[in-house]
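Subject: Structure handover

Hello,

Here is the structure for your files. My notes follow below it.

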Amino acid sequence: MTEKKKFVASFSTGKDSSLALYKAVEADMEPLGLLITYNTNAEKAWFHGVGRDVLDRLSAALEIPIDLIMTDGTDYEERFEEKLREWKGRGAEYCVFGDIDLEAHLKWDKDRCEAAGLTGYFPLWQMDRKEAVKELLKAGFTARITTVNTKYMGAEYLGKALSLELLTRLAAEGVDVCGENGEYHTLVTDGPLFKQTFDYEFGKTVFDHGYAKLMVE
C-alpha cells in the first residue's frame, strides 16, 4: 500500500482554501496541519479577520491542527517560510494553496515553498472562477459572506450563504462571483471536511476603510 503524501495547507477559513484542502484530501493526500497567518496587531487572522477562539473551534470541528503564523506584516514572508520549514521537519512534503488564476499569487507561493524545501500543490489552478464556487457548493460546503468591499457590494450580503441563486445575483450586479478581486470574503462553516459541528455566532457589523465586516464570535 502506497503511503499517503503528507501536506500542510495555507488556510484562510474561506471557500477557496477549503475547496483546495478538500480536493487534496480527495486525492488521497494526508493533511498534517492548516497554516493561518495571524495579525499580531489586530489579534485576528489576516484577510478574513477571524479571532483565535473561533479558529480553535474551527480546528476542533475539522479535527485538523491549526498552526498560526504570527506576524505584524513586516516579516510576513520570513515567518511564512519559517513555518513551512518547521512542517517539513514534521514530515510535510507539500503545501496546498487555493489560488485560482492570479499569477503573482502563484509565484509568491512557489517562492515560499522553494525556499522551505516543499512542493506547492495548486488543485484549483486555472479552474473557471464560477465553476470553482459551484464545485464547492456541489460538494456540500456552506460558505457565508463575512466581509464585503462596499465599492462593489452592499452590507446586506453579510451573513448570506453562497448559493447558485446568489451567484446569479452577483453576476447580474457585475460582481466577480468568486470574489477573486477582493469583492468579498467567506467563512466556511460546514461541509464534508467537518467531523464535528462548528460552534460560531455572528456579532455586530463593523465598517472599516471601505469594507463592511461581520464579526464572528
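Helix α3 covers residues 76-89. It has 14 residues and reaches 20 Å from its first C-alpha to its last. That is close to the 20 Å expected at 1.5 Å a residue (the expected span is 1.5 Å times one less than the number of residues). Helices (H or I, at least four residues) and strands (E, at least two) are DSSP runs, numbered from the N terminus.

Before you go further: this is a predicted model, where local features need pLDDT of at least 70, side-chain atom pairs count only at pLDDT 80 or more, and totals for chains, interfaces and linings use all residues. Residues are numbered from 1 along each chain as its sequence is written, and side-chain values use heavy atoms, with hydrogens and water left out.

Back to α3. Its buried residues are Tyr-76, Phe-80, Glu-81, Lys-83, Leu-84 and Trp-87. They cover an arc of only 160° around the axis, which puts them on the same side of α3 (the arc is that of the directions from the helix axis to the C-beta atoms). Buried means under 20% relative accessible area, exposed over 50%, partly exposed in between (1.4 Å probe, protein chains only). The buried residues of α3 pack against β1 (6-10), β2 (30-39), β4 (66-71), β5 (94-96) and α4 (103-116). Gly-91 follows the helix, with a positive phi near 110°.

Setting aside neighbours within four places in sequence, Trp-87 is in contact (heavy atoms within 4.5 Å) with Val-8, Leu-32, Gly-33, Leu-35, Asp-67 and Ala-92. Ser-10 is 77 residues from Trp-87 in sequence and 12 Å away in space, C-alpha to C-alpha.

Next, α1 (15-26). This helix has 12 residues and reaches 16 Å from first C-alpha to last, close to the 16 Å expected at 1.5 Å a residue. It is mostly covered: 9 of its 12 residues are buried. Among them are Lys-15, Asp-16 and Tyr-22. Asp-28 follows α1 and has a positive phi, near 70°.

Two more phi values to check. Most residues other than glycine have a negative phi. Thr-13, in the loop between β1 and α1, has a positive one near 85°. Thr-13 is also buried, at 0% relative accessibility. Glu-63 has a positive phi near 60°. It lies in the loop between α2 (52-62) and β4.

On charge, look at Glu-180. It sits in the loop between α6 (164-172) and β8 (184-190). Glu-180 is buried yet has no salt bridge (a side-chain nitrogen of Lys or Arg within 4 Å of a carboxyl oxygen of Asp or Glu). The nearest side chain of opposite charge, Lys-15, is 5.1 Å away. Lys and Arg count as positive, Asp and Glu as negative; His and the chain ends are not counted. Not counting residues up to four places away in sequence, Glu-180 touches Asp-16, Ile-100, Asp-101, Leu-102 and Arg-129.

Last, the cysteines. How many disulfides does a search of the whole structure find? The count is 0, with a disulfide taken as a pair of cysteine sulfur atoms within 2.5 Å. For Cys-95, the nearest cysteine sulfur is that of Cys-113, 4.9 Å away. Cys-95 is buried, with a relative accessible area of 0%. The sulfur of Cys-178 is 19 Å from the closest cysteine sulfur, in Cys-95, too far for a bond. Cys-178 is buried as well, at 1%.

Best wishes
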